[in-house]
Amino acid sequence: MHETPLTALVLSGGGARAAYQVGVLKALARMRRQALGPLARQNNPFGVICGTSAGAINAAALACQADRFEAAVDVVAKVWQNFHADQVYRADSLGVIRTGAQWLTMVSVGWVIARWRRARPKSLLDNSPLAQLMQRLVPLERLPLMLAQGHLQALAVTASSYSTGEHYTFYETARPVAPWQRSQRQAVPGRLTQAHLLASSAIPFVFPATRIDSAQEGGWFGDGSMRQTAPLSPAVHLGAQRLFIVGVGRMQEPVGRHVEAGGYPTLAQIAGHAMSSIFLDALAVDVERMKRINRTLALLPESALADTPLRPLETLVISPTQRLDDIAARHLGALPAPVRALLRGVGVGGQGEQARGAALASYLLFEAPYTRELIALGEADTEVRRDEVLRFFGWDTLAAGRRRARPGEPDLLLP
């Protein structure tokens, strides 16, 4: 069963930056085990799980093993701690030539050569290895069982339709939840498949679009972070009373260092800025909007509250306290040589303080040196806020009750 009140886990997108989420989840599982002891094995802390882009893959992996939350976190962590880029996209010379080299050639030369028309490279990189990884990491065949047994109430993943231009939330629930519709946003209930996860994580231009076939909402889809104007909306519509939100940048990180440009910004710098706008800005804006609504509702008398469907939401947001772009700059050399050569063509290069285009690389650095540092940062950022986390979930009260019941036990809140 899942814990009450109904709590949603919201995981944002960000390619390789999603390793930070794993660190947060590792620290969370450890705190829960220390606070609850044997009780931690009985329930799943999240009745609703929502994910976007790489966060959708992490979310689905947890949801499909909702009956063993700690074990699910361990499985996901092992993948991220030992990542290599070739588990996500073709990083060998031939694979890069077939996609990235052709794509860059077409950008520079155009469609003047007939044979390029026949080849039509679809993206900068070929993410076919990701499908094989997901088959091992995300056992979607277990999801209906998790819902039927009450370990989970809902899983939702998001994607953006290239066919209609609208943003879609695809969700699977234990009990029927009526689909919602807002401006440029649709919600679609039904069985979730690997295609939904591939579509949600298809970074624009970098990975190819994915076809989703359904009666009314079929078409070509890309990354769920695109046109995602309300990242918290699915969790709210699915009935969550509390939101535990894990971001991958911007909200708590320090102001960026100023890098003196030697001239016009490179394509990598522009692309990195665009990626940040796609992946990072919407969540920060939606969290601010939610806080304003909470403050407004707190000012209303009981009679006015009775006349509105809005209700205050308890939330806790964990996001990086360091700039992930700067961390990526230290690890550019970990990328496979063919990928480094490809990215060098758009302006990614250098190391450390002299690195260029690190923002773009931060989304593609599926390499252990980088992902491990992000995981460690996620753990550290969560541990610093231990008291907040325990209060948010009510684990501090449960832990205190266990200590009173067993006065001879050591303090289980200590690490």
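**Close-up views of a predicted model**

**View 1. Helix α1 packs against helix α3.** In this predicted model, α1 and helix α3 (residues 69-81) sit at an angle of about 145°, and their axes are 10 Å apart. Look at how they pass each other: the crossing of α1 and α3 is left-handed. On the α1 side, the residues in contact are Ala19, Val22, Leu25, Lys26, Leu28, Ala29, Arg32 and Arg33. They meet Phe69, Glu70, Val73, Val76, Ala77, Trp80 and Gln81 in α3. Sort the residues of this contact by type and you get 10 nonpolar, 1 polar and 4 charged.

**View 2. Helix α1 also packs against helix α17.** Here α1 (residues 19-36) meets α17 (residues 386-393) at an angle of about 65°, with 11 Å between the axes. Are the two helices parallel or perpendicular? An angle from 65 to 115 degrees counts as roughly perpendicular, so that is the word for α1 and α17. Their crossing is right-handed. From α1 come Leu28, Met31, Gln34 and Ala35, and from α17 come Arg386, Val389, Leu390 and Phe393. This contact is made up of 6 nonpolar residues, 1 polar and 1 charged. If you spotted Leu28 in the list for α3, here it is again in the list for α17.

**View 3. Tyr89 sits in the largest nonpolar core.** That core has 106 residues, and Tyr89 and Phe244 are the ones with the most contacts inside it. Which element gives the most residues to this core? It's α1, with 10 residues. Zoom in on Tyr89 and, leaving out residues up to four places away in sequence, you'll find it touching Leu125, Asp126, Asn127, Pro129, Phe207, Leu335, Val339, Leu364 and Phe366. Apart from this core lies another one, of 21 residues, including Tyr171, Leu232, Leu238 and Ile245. As background, nonpolar side chains tend to be buried together in soluble globular proteins.

**View 4. Ser53 and Gln184 each have a positive phi.** Ser53 isn't a glycine, yet its phi is about 60°. You'll find Ser53 in the loop between β2 (48-52) and α2 (54-63). Is Ser53 buried or exposed? Its relative accessibility is 1%, so Ser53 counts as buried. Gln184 isn't a glycine either, and its phi is about 65°. Gln184 belongs to the loop between β5 (181-182) and β6 (185-189). With a relative accessibility of 38%, Gln184 counts as partly exposed.

**View 5. Pro369 is part of helix α16.** This helix covers residues 368-384. Pro369 has a relative accessible area of 42%. Buried would need under 20% and exposed over 50%, so Pro369 is partly exposed. Now find Phe83: along the chain, Phe83 and Pro369 are 286 residues apart, but their C-alpha atoms are separated by 8.7 Å. Which residues does Pro369 contact, once neighbours within four places in sequence are left aside? They are His331 and Ala334.

**View 6. Zooming out, the protein has 18 helices and 10 strands.** Of its 415 residues, 56% count as buried. Take the contacts between residues at least 6 apart in sequence: 76% of them join residues at least 24 apart.

How values were computed: Residues numbered from 1 in each chain as written. Predicted model: local features only at pLDDT ≥ 70, side-chain atom pairs only at ≥ 80, totals over all residues. Heavy atoms only, no water. Axes fitted to C-alpha atoms, helices over the stretch in contact; angles between N-to-C directions. Helix = DSSP H or I, 4+ residues; strand = E, 2+ residues; numbered from the N terminus. Parallel < 35°, antiparallel > 145°, perpendicular 65-115°, else oblique. Left-handed = near helix turned anticlockwise from the far one by under 90°. Contact = heavy atoms within 4.5 Å. Nonpolar A, V, L, I, M, F, W, Y, C, P; charged D, E, K, R; others polar. Core = buried A, V, L, I, M, F, W, Y, C linked by side-chain atoms within 4.5 Å. Buried < 20%, exposed > 50% of the residue type's maximum accessible area, 1.4 Å probe, protein only.
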